[in-house]
Amino acid sequence: MTLAGLAALTFFIGRVMPVDPVIAIVGEQADQETYRAVRAQLGLDRPLPVQFAYYVRDIATGNFGTAIATGHPVIEDIRRVFPATLELATLALLTGVLLGVPLGIAAAVWRGRGPDHAVRLFGLVGYSVPHFWLGLIALVVFYARLHWIGGSGRVSVANVDLVPSVTGMILVDSALDRNWDVFRDALRHIAMPALILATTSMAYLSRMTRSFMLEQLGQEYVTTARIKGLSGFGVTWHAFRNIAVPLVTVVVLAYGGLLDGAVLTETVFGWPGFGQYLTSGLLAGDMNVVLTCTLLVGVIFLALNLLSDVLYRTLDPRTR
Amino acid sequence: MQQRISAWLAAATAAFLVPLSTAQAKTPPDTFVVAANMSQMITLDPAAINESFTAGFMRNVCDALIGFDEKDPSKLAPGIAESWTVSPDSTTYTLRIRGGLRFPSGNPVSAEDIAWSMKRNLKLNLANAQRLREWDITKDNVDSVVQVVDAQTLRIKPTRPWAPNLFLFAFTDFRVAPALDRREILKNEAAGDLGNKWLATHSACVGPFRVATWRPQDVMILDRNDGYWRRKVAMKRVVVRHVPEAGAQRLMLEQGDIDFADNIDPADFQALEKNPRVHISYTPSLGVSYMMFNMNDPRFRSPKLFEAFRYLFDYHGLESTLLRNHSIARESVVPNGVFGALPESYKPYKLDLERAKRLIAEAGYPDGFSAEIAVLNSFPYPDLAQHLQANAEKVGVHLKITQMIGAQLYQRARARKFELYMAGYGFNYPDANNIFLRFAYNPDNSPTSKDTISVAWRAGWDPGASFNDAIRAAQVERDQAKRQAIYEDLQKRFNATSPIIPLFQRLSVNAVGADVTAFRHTLTGDDYSSIEKR
């Protein structure tokens with residue numbers, strides 16, 4: 001039901017957008033004869049409800065159409081670009097969790113003191129600083145000045161297509177192929193975009209962790225534990241175990257945000273992923289791309305919500 | 001405490017990144033690495049390529065039937081056709097196809113392939129069918145116009161006695177009459193598409209390179225065509241990476257990770273000029289910027305109004321500041337370097353607010369007026385529009401700027417739904433005929449006209465029979481001096497009456513690494529076959 005609503009909404013918004021997909025195909029200089037022929041080929045000369053009916057029929061049979069920008073079926077394109085984003089977002093999430101959660105705990109433990117202020121400031125900056133700007137600054141400092149990271153793209157030119165594509169994720173494929181030069185090169189290229197993409201999730205997770213931890217640290221069982229002489233670390237660990245359930249939900253939803261929110265990071269770092277693909281489709285008025293990507297994002301969020309529910313039930317026996 | 005935490009964070013970042021660090025990069029000596037925004041590249045099929053980036057790039061893969069002289073692009077040179085003759089009455093062109101050429105598949109190139117490609121272009125009726133139709137070669141007459149005499153001889157019998165020097169320009173664009181490997185293409189035909197889908201991602205031409213890999217919006221790899229007929233090509237491979245961000249391209253060039261950055265931000269030119277690791281050069285292109293009034297709006301019909309706006313631009317101030325090394329002022333509709341152009345010294349306009357105000361009053365607006373100007377949202381158009389807006393305000397004209405992406409703006413132009421309009425335009429070949437056909441020829445100014453490609457039609461400008469007739473007369477004028485004189489006269493008449501105001505001619509900026517010792521740029525694109533590296 002949600003997906004049907006999403007498809008209908010996106011379709012009709014797409015059709016009233018003042019962007020002409022025919023121009024994207026034939027260009028500004030095509031004459032009227034060509035323009036009309038291509039418009040008819042795309043079915044754009046039919047009434048809107050008829051176009052929608054055809055669209056629904058096609059997606060029901062798994063036909064999501066062809067992308068203007070590539071000439072390939074949209075599903076094939078998504079299979080090609082999605083692993084790049086999945087790899088980037090997964091690494092960003094891991095970074096976000098590994099740094100954001102401890103920072104949130106530290107902020108809660110030292111509430112009102114230096115670490116807390118630092119983490120809150122970091123959270124504010126992580127939310128506020130645009131990825132686009134941060135990416136360019138990072139390229140200037142870490143790529144151009146210090147030579148610590150690779151530049152644009154997933155690997156250096158010398159390593160393009162050197163490992164067979166099995167999963168589409170270059171780190172995984174190079175590891176499977178035991179080509180450690182490519183693996184190292186891929187790591188050099190993914191490190192900074194992943195770190196920058198992770199800033200938002202780090203900020204978000206540190207703030208949420210702090211908030212959850214503060215709630216737990218104010219509970220009576222924590223006071224009891226302290227009175228009984230449990231060490232500071234023991235108390236923190238005890239409280240942390242009790243925030244695992246809401247934290248998992250937050251982490252899973254943050255993952256969804258990373259998957260569809262990598263557009264600007266992908267643009268700055270020339271990362272050929274899902275975000276760039278969707279943006280190009282949008283700018284060209286390519287509704288097959290926009291509709292399919294929107295539906296996919298919807299499916300991802302639904303799946304992640306489902307996963308979050310399952311994990312909730314697994315981790316918290318009271319909800320079973 | 002906070003200092004300690006900061007130190008720990010810095011150390012953590014370094015620990016994460018330092019192990020990955022390497023020395024400064026250098027591209028392989030036999031590989032030319034390009035960074036470009038490839039978003040526009042949507043197909044490699046010559047019949048369907050509709051924009052200048054892909055066309056310029058694919059000129060390195062598909063040779064045209066006729067080439068340009070390398071020193072003077074307004075002159076013709078042999079291409080796939082090694083020679084040609086024209087009958088005295090200009091109605092029969094006989095082209096000798098170069099012998100011994102082979103497609104990457106090994107199939108020999110023949111006159112039949114070229115004739116088939118032209119027919120295919122018209123049958124598919126995609127973006128470039130009109131490039132044949134504008135020479136009156138249509139789907140209905142192509143069989144009689146284009147004839148195969150034998151395997152190496154092609155005869156073209158146009159329906160009009162075009163000026164020979166003009167008509168042959170039609171074949172300098174590989175999209176008009178490419179040598180396509182019909183046998184290979186037909187093997188990959190799907191549902192009667194004449195290989196359109198397959199050619200969208202493959203190449204089947206003769207040129208200095210062939211497409212080895214293309215992943216849209218990711219990477220394109222060209223491999224050298226060994227034994228290329230024109231010259232020995234030094235680069236074994238050309239790799240083009242999709243880098244949409246201009247700042248990232250600049251950094252990659254400075255680091256030596258690429259040899260050529262295609263989209264450097266004009267604001268970076270000055271800094272790059274001082275960098276010894278980078279060479280920058282500038283060559284004129286066939287791209288222009290212009291603005292126009294919509295004469296379908298009854299408020300905008302006075303030539304005095306159009307003349308007034310010609311005095312609202314500080315052409316030379318902009319050329320030396322905002323547009324430095326990006327564009328040059330060009331106050332004629334025909335760009336420099338094109339046959340028929342008025343000399344570069346032709347500069348009749350300059351910023352003159354008093355004169356503009358007087359002309360606007362004479363046009364019937366003593367108190368000025370308000371209007372919306374639709375502007376392409378990429379550099380330099382919003383800046384130019386702001387410049388115009390500021391000057392117009394001083395003479396009582398209130399302009400509201402509305403920025404749009406190309407697909408949105410061009411739709412408005414085709415539908416004549418704008419008041420004022422500002423954008424760019426790329427011409428196809430360096431002859432004034434191409435410019436006048438697009439910007440002035442408009443025999444049917446009615447809303448039902450089929451010639452929506454005409455910018456004059458989009459502006460609702462009926463130039464009149466004498467203007468249209470002069471353009472048609474120049475097309476069949478065999479005497480080049482007389483043809484030049486017709487075009488010079490038309491340029492002056494254009495400025496006196498047209499609602500279309502030419503502004504600037506775009507420069508092609510070539511930012512290459514210091515290791516590149518030879519790289520030829522032409523009016524129509526970059527020639528990768530000319531590249532040499534240290």
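The model is predicted, so local features need pLDDT of at least 70 and side-chain atom pairs count only at pLDDT 80 or more, while totals for chains, interfaces and linings use all residues. Residues are numbered from 1 along each chain as its sequence is written, and chains are lettered from A and ligands numbered from 1 in the order in which they are written.

Start with chain A, where helix H7 (residues 131-145) runs for 15 residues and spans 20 Å from first C-alpha to last, close to the 21 Å expected at 1.5 Å a residue (that is, 1.5 Å times one less than the number of residues). Helices here are DSSP runs (H or I, at least four residues), numbered from the N terminus. H7(A) bends by about 25 degrees at Leu139(A), the bend being the angle between axes fitted to the seven residues ending there and the seven starting there. Leu139(A) is also among the buried residues of H7(A), as are His131(A) and Phe142(A); buried means 20 or more other C-beta atoms within 10 Å of a residue's own, with C-beta atoms placed from the backbone. After the helix comes His147(A), with a positive phi near 60 degrees.

Elsewhere in chain A, H5 (residues 74-109) and H13 (residues 274-283) pack at about 130 degrees, with axes 7 Å apart. Axes are lines fitted to C-alpha atoms over the stretch in contact, and angles run from 0 to 180 degrees between N-to-C directions. Phe82(A) of H5(A) and Tyr277(A) of H13(A) are among the residues making this contact.

Note on methods
Helix = DSSP H or I, 4+ residues; strand = E, 2+ residues; numbered from the N terminus. Contact = placed C-beta atoms within 7 Å. Buried ≥ 20, exposed ≤ 12 C-beta atoms within 10 Å, placed from the backbone.
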